[in-house]
Amino acid sequence: MNNLQQDGKQAKPVDRVQDFQRKIYRKAKQEPKFRFYTLYDKICRLEFLQEAYRRVKASKGSPGADGISFADIEERGVADFLSGIQKEIHERSYRPDLVKRVLIPKANGKMRPLGIPTIRDRVVQMSCKLVIEPIFEADFDDSSFGFRPKRSALNAMARIKENLKTGRSEVYDADLSQYFDTIPHDKLMKLVEQRISDHKVLQLLQLWLKAPIIEDGKISGGKKNRKGTPQGGVISPLLANLYLNLVDKLVGKDKAFAGIRIVRYADDFVLMGHKITDAALARLNWLLTKMELMINESKTKLVDARTSSFEFLGFVVRYDRSVIKESTGRYWHIAPSEKSLKSLRSKIKSTLLCNRQRNAKIAVDQLNPLLRGWLNYFTMAGVSYTKLSRRKIKIYLRDRLFRHQKRKSQRYRYAHCRGTLQRWLRDHNLIDPETYGIIESVKA
């Protein structure tokens, strides 16, 4: 039976896309110097566009500069929307729309610029990503974990714990200054061209890199732009990983990094070794200078993890004494950082404030995704320790819900208000932070 058929029926778009991805990945893995030359026609295939639309919609992004939402597209017809895109790509008349730039708050109080392409552009970028990502995945180093298939922040933390257990406790916690905004287009495209020779695909990537940006009604960027890839674009994480793969490869092969390991998640990375030598740091700075990138000295530090904690990807890593009375040893404690807890508490507070005069079920429907996402992110058996953090969250919920119920009426009963958390857990299926996501044997 044809492998594009299942049980006598035509395979779904996702199956056909994955079949193509497996084949092209194997080709790229078997021939590391092969340059792929016929890719553009795949990008405009209907099954790729359908799968691209499905994935973009699943991300639930907001409208771009044109103001068109998913609801607008589906009201007019998804088939017509994709057909129009397919025609533009096929006729090579496709041009990206303006990228809407917005500022989102960071944990330190500063603002991070985020570029939001239109849904149309996101679908085309996703279709392109589906086609070319397997090629670069075959080349990527095993030390990177951000924005890659079947890899996550928890995998990165597991690798960090593994390195610490083997004695690599000296840690160079690096922070790149404005990485996404400083990637030089010419050097990035040279890396792309090492694997792709299809000039139509290369032109597409150039168009996205030079797409004009609109912020507060003012347009900037465009053809004169020589640096940066918008943080928020679908294709940007892949290109960012491709450029920093140079750093991963250097650490893995250069003699100056003998015994040193790198763990990278997008533009955040740590070097770990028994000793991080001056020669290794000099070699790293040499490469970053050639790449036209800069280390943010104020946020970068060299620590001995046995005596000082460090934070990475929202976790704090400490070498703690065991709380078991019979044990006199220490262990590597990886847990949610105080910043991460503070961020969640802030979101819980604002959610309850917005729903003070509404039905409890509405508030629970908004709280549960927050709690579920946070707990899923930080919980990994054998790697992270979340018991204390879970307890802190539950206590905060109890106290915040007491105030929430108390302020609903001037004539309140203390006992009734104090029992709000238990009622919401029992009657409205609010997630219990202490037990959610923990297997029964651990609870027992």
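Helix axes here are lines fitted to C-alpha atoms over the stretch in contact, with angles running from 0 to 180 degrees between N-to-C directions; under 35 degrees counts as roughly parallel, over 145 as roughly antiparallel, 65 to 115 as roughly perpendicular and the rest as oblique. The model is a predicted one, so to speak of local features takes a pLDDT of at least 70 and side-chain atom pairs count only at pLDDT 80 or more, while totals for chains, interfaces and linings use all residues. Residues are numbered from 1 along each chain as its sequence is written, and side-chain values use heavy atoms, with hydrogens and water left out.

Take helix 15 (residues 387-406) and helix 17 to begin with. Their axes come within 8 Å and cross at roughly 105 degrees, and the two helices are therefore roughly perpendicular to each other. Helices (H or I, at least four residues) and strands (E, at least two) are DSSP runs, numbered from the N terminus. On the helix 15 side, K394, L397, R398, L401, H404 and Q405 meet T420, L421, R423, W424 and L425 of helix 17, where a contact means heavy atoms within 4.5 Å. Sorted by class, this contact holds 5 nonpolar, 3 polar and 3 charged residues; Ala, Val, Leu, Ile, Met, Phe, Trp, Tyr, Cys and Pro count as nonpolar, Asp, Glu, Lys and Arg as charged, and the others, Gly among them, as polar.

At 45% relative accessibility, Q422 counts as partly exposed, the class between buried (under 20% relative accessible area) and exposed (over 50%), with a 1.4 Å probe and protein chains only. From C-alpha to C-alpha, Q422 sits 59 Å from E193, and the two are 229 residues apart in sequence.

Now for another helix pair. The axes of helix 11 (residues 236-253) and helix 12 come within 11 Å and cross at roughly 155 degrees, which makes helix 11 roughly antiparallel to helix 12. L246, V247 and L250 of helix 11 make the contact with R283, L284, L287 and L288 of helix 12. The residues of this contact split into 6 nonpolar, no polar and 1 charged. Helix 11 also carries D248, which counts as buried at 1% relative accessibility. Neighbours within four places in sequence aside, D248 is in contact with D141, S143, S144, I262 and R264.

Then there is the packing inside. A nonpolar core is a set of buried Ala, Val, Leu, Ile, Met, Phe, Trp, Tyr and Cys residues joined through side-chain atoms within 4.5 Å. The largest such core has 75 residues, and V123, I132 and L271 touch the most other members. Helix 6 (residues 119-137) gives the most to this core, with 10 residues. A second, separate core of 44 residues includes I160, V303, I393 and L401. Not counting residues up to four places away in sequence, L271 touches a list of residues that includes Y172, V251, F257, I276 and L281.

R92, in the loop between helix 5 (78-91) and strand 3 (99-105), has a positive phi of about 60 degrees although it is not a glycine. R92 is partly exposed, with a relative accessible area of 32%. E292, likewise not a glycine, has a positive phi of about 65 degrees and is found in the loop between helix 12 (278-290) and strand 10 (301-304). E292 counts as partly exposed at 32% relative accessibility.
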